[in-house]
Protein chains: 2
Amino acid sequence: MEEGLRERKKRETRERISDVATGLFMARGFEEVTIAEIAKAADVSVNTVFNYFGTKEDLFLDRQEEVEDVPARVALSRGEGESVVAAFRRDFLAAIETRDWRYGMNDGAAEFGRIMARSPSLQSRLREIELRRADRLARVLAAQTGADEDDLRPRLVAGQILETAVLLTRGMWLRLMSGQSWEEVRPWLREQAKAAFDLLEGGLGDFGT
Amino acid sequence: MEEGLRERKKRETRERISDVATGLFMARGFEEVTIAEIAKAADVSVNTVFNYFGTKEDLFLDRQEEVEDVPARVALSRGEGESVVAAFRRDFLAAIETRDWRYGMNDGAAEFGRIMARSPSLQSRLREIELRRADRLARVLAAQTGADEDDLRPRLVAGQILETAVLLTRGMWLRLMSGQSWEEVRPWLREQAKAAFDLLEGGLGDFGT
DNA sequence: TACAACTTTGCAGTGACTCTAATTTTGTGG
DNA sequence: CCACAAAATTAGAGTCACTGCAAAGTTGTA
């Protein structure tokens, strides 16, 4: 299937807008940049920006949406007899070693975190994406375990696991943002991830007594 | 300490605005009502509305914010030797029997849920409140267990517990919204709550194998 | 080359929210 | 009871994300 001129132009325009926007956000922060500026810098009209991106937040969180089904895929592709928690533990610990961008561990992480931290609307949008991730994971788990419609457990399991991953990631961001290098953060993250998944696997039990 | 005329008027104005707004939202939905309408109906200027409520969402979620520290208090007031999970299980199961409004189990729950369900911005605001609840609970837990600054576990425990409560509540809302009576929903909620807290207490272990 | 389909644009809104400068209302000291 | 300060309310003008529509431009196709 050839990519015609029309398709190519559309892709290019979309990428140009996204790149220009990201550059401006990085330089000056999310709230401080208006869509009108982005449009002008990308040499398109404001309406064209909205043709490609439904909201301003989408301009920044584009790639997060793309990987909305990552957790569901982790659950689907786990080994025979491997528990769900085990699969996510393995995936997350591997991500630490490879600095997987799907978990926000790539190079720009500190800057990404700084921008997120200063914009409530971006944070809220990210939470939305995480919510959809959890819902999708829950559907996969429900199908795999044959749980019936009324059973909340698949959704609970999905929620617990993703909440764990989110909190680990948030901790990582905070440390990167405070100026620590990735090599300083990595051991902490490894250790906390292990503790977190242990807690998840073994339960909160008598925590706090 | 007397309540002077000024204080009384302020309180009355605030309540009038909040009541008028809630009434309009109930009748026509959140997005469908403008602040200008609310101001006119409450016989104040638009600016006065913003004097009392920072955002439109706050007009509806006023009471939720008031009880932002409920989970922290549950943790603080638990019995000697009682685990955190046990305390929340107890509190939640009790709430089911008394239809505690703090857990959204009061009479207007179905209508409340319907309005929430149709407004993404309200949902996002509620998530924010829940986030702050979890942060506050985490601080209490950290203090109680003497966990050090780097230890994510208190925040993880807080997150897991509140996520559980949120999902139980969401399930309840969905059922109430679909027309089921409270008497039909209650047994389901009891059962699911027990299962949920069991899962939380004992861990996800080999779920999904 | 003509025509249909699609993309981009301009224009005119709407509505939440902000800022500033009046104007009104309330508490207080003489 | 009367000024005067402090606080509350208001009007007015503006910003910005986002929407809807119709006109203009571009691309694929017969």
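**Conventions**

- Residues are numbered from 1 along each chain as its sequence is written, chains are lettered from A and ligands numbered from 1 in the order in which they are written.
- Because the model is predicted, local features need pLDDT of at least 70 and side-chain atom pairs count only at pLDDT 80 or more, while totals for chains, interfaces and linings use all residues; side-chain values use heavy atoms, with hydrogens and water left out.

**Where the two chains meet**

- 43 residues of chain B are in contact with 44 residues of chain A, where contact means heavy atoms within 4.5 Å.
- The same surface serves both copies, as 100% of the contact residues of chain B recur in chain A.
- About 3900 Å² is buried between chain B and chain A, 63% of it on carbon and sulfur atoms; buried area is the accessible area (1.4 Å probe) that two parts lose on being put together, summed over both.
- On the chain B side, Gln160(B), Leu204(B) and Phe207(B) lose the most area to chain A, together 17% of what that side buries.

**DNA strand D**

- Of the 21 residues around DNA strand D, those that come nearest are Lys9(A), Lys56(A), Lys10(B), Asn47(B) and Thr48(B); a residue is near a strand if one of its heavy atoms lies within 4 Å of it.
- Sugar or phosphate holds 67% of the atoms of DNA strand D within 4 Å of the protein, and the rest belong to bases.
- Phosphate oxygens of DNA strand D lie 2.6 Å from a side-chain N or O atom of Lys9(A), 2.6 Å from a backbone N or O atom of Lys56(A), and 2.7 Å from a polar side-chain atom of Lys10(B).
- α3(B) gives the most to the surface near DNA strand D, with four residues; helices are DSSP runs (H or I, at least four residues) numbered from the N terminus, and strands are E runs of at least two.

**DNA strand C**

- DNA strand C is surrounded by 21 residues, and the closest are Asn47(A), Thr48(A), Arg6(B), Lys9(B) and Lys56(B).

**Records from UniProt**

- An unreviewed UniProt entry lists residues 11–71 of chain A as "domain: HTH tetR-type"; its annotations may be inferred rather than shown by experiment, its feature names are shortened, and positions are given in the numbering used here.
- Those residues, 11–71 of chain A, are 75% helix and 0% strand.
- UniProt (unreviewed entry) also places a "DNA-binding region" at residues 34–53 of chain A, whose end C-alpha atoms lie 14 Å apart.

Technical notes: Polar contact = N/O pair within 3.5 Å; in protein donor to acceptor, adjacent residues only side chain to side chain.
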